[in-house]
Amino acid sequence: MTSLYTSSKVKNKDLCRPQVYKGIISVCNEGSALEVPIPSVSNQSFQSIPIASADIDITCFCSPKVKIDFNSIVNYQSLLIITGTPVIRIFTPLRVTFQLSRTNDSGSKVLLNSWTYSYSSSALTSNTNGNFTFTYCDKNPCPGCYSYSVEIIRANYSLFGGVNTSVENFSIISSNISLLAFDSQ
């Protein structure tokens with residue numbers, strides 16, 4: 001059997017032949033549901049947390065493009081404890097940064113983009129669900145096998161004025177990642 005490519009990282013598009021697959025490849029995967037540890041004033045360290053990933057083989061395309069859709073339902077909870085009747089002010093909201101990356105079959109990782117979710121509430125108690133989604137088009141992968149992954153790389157707590165104590169929680173209730181690959185040639 002003759003291979004269509006001399007390697008899985010062919011950059012010379014002249015090596016592609018007309019019998020290369022011209023369809024669409026679709027992959028989807030369910031991600032994690034998890035509690036995100038929010039750093040505090042006394043402990044500001046944060047370790048990245050993997051959320052969702054999906055693998056795709058696009059060796060059959062000459063000029064592949066991959067559309068990545070990430071969808072999640074998130075939950076924010078807070079409890080603010082005050083004394084007296086001060087005015088609650090929000091100086092900075094809770095921020096959680098999601099990062100999308102692509103890893104090839106030899107283990108080289110490329111950071112593609114990042115998005116920040118931010119939320120805050122001045123209510124004394126809060127328990128809110130919401131959606132966090134993004135779409136990204138990877139226009140430059142060479143033919144090959146890849147793993148696309150979403151992880152949380154940073155989380156920052158809210159900073160309030162007029163509050164003695166605050167407790168915040170952030171969690172991913174559900175998540176999924178979908179890949180749609182096609183040949184743009």
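Let me begin with S175, a residue found in strand β11, which covers residues 165-183. Please keep in mind throughout that what we are looking at is a predicted model. The mean pLDDT of the chain is 81, and 77% of its residues reach 70 or more. Over residues 1-19, however, the pLDDT is below 50, and this stretch has 32 contacts in the model beyond near neighbours in sequence.

Back, then, to S175: is this residue buried or exposed? With a relative accessibility of 4%, S175 counts as buried, because the cut-off for that word is under 20%. Setting aside residues up to four places away in sequence, S175 touches E30, G31, S32, I51, A52, F70, N71 and S72. Of these contacts, two can be described more closely. A polar atom of the S175 side chain lies 3.1 Å from the backbone oxygen of S32, and the C-alpha atoms of S175 and A52 are 7.0 Å apart in space although the two residues are 123 apart in sequence.

I turn now to an open sheet of four strands, whose order is β3-β9-β6-β7 and whose pairing is antiparallel. Its edge strands are β3, residues 49-57, and β7, each of which pairs on one side only, and from one strand to the next the twist averages 15°. How many bridges join β6 to β7? There are ten, and β6, which spans residues 94-104, runs antiparallel to β7. As one example of residues facing each other across these strands, L100 stands opposite N113 in β7.

Staying on β7, which runs over residues 109-119, we come to T116. T116 is partly exposed, with a relative accessible area of 46%. Apart from residues up to four places away in sequence, T116 touches R95, V96, T97 and F132. V96 is 20 residues away from T116 along the chain, yet their C-alpha atoms are separated by 5.6 Å, while the side chains of T116 and T97 make a polar contact at 3.4 Å.

The next topic is the aromatic residues. A search of the whole structure finds ten aromatic pairs, and one that I would like to show is formed by W115 and F134, which are stacked at 3.7 Å centre to centre with 10° between the planes. Since W115 lies in strand β7 and F134 in strand β8, the pair ties together parts that are 19 residues apart in sequence. F134 itself is buried, with a relative accessible area of 5%.

Finally, let us look at strand β8, residues 125-138, where S126 is found. At 11% relative accessibility S126 counts as buried, and its side chain makes a polar contact of 3.4 Å with the side chain of T128. If we leave aside neighbours within four places in sequence, S126 is in contact with Y76, Q77, S78, Y119 and S121.

Methods:
Residues numbered from 1 in each chain as written. Predicted model: local features only at pLDDT ≥ 70, side-chain atom pairs only at ≥ 80, totals over all residues. Heavy atoms only, no water. pLDDT = per-residue confidence, 0-100. Contact = heavy atoms within 4.5 Å. Helix = DSSP H or I, 4+ residues; strand = E, 2+ residues; numbered from the N terminus. Buried < 20%, exposed > 50% of the residue type's maximum accessible area, 1.4 Å probe, protein only. Polar contact = N/O pair within 3.5 Å; in protein donor to acceptor, adjacent residues only side chain to side chain. Phe/Tyr/Trp six-rings, centres within 6.5 Å; stacked < 30°, edge-to-face > 60°. Pairing = 2+ DSSP bridges. Axes fitted to C-alpha atoms, helices over the stretch in contact; angles between N-to-C directions.
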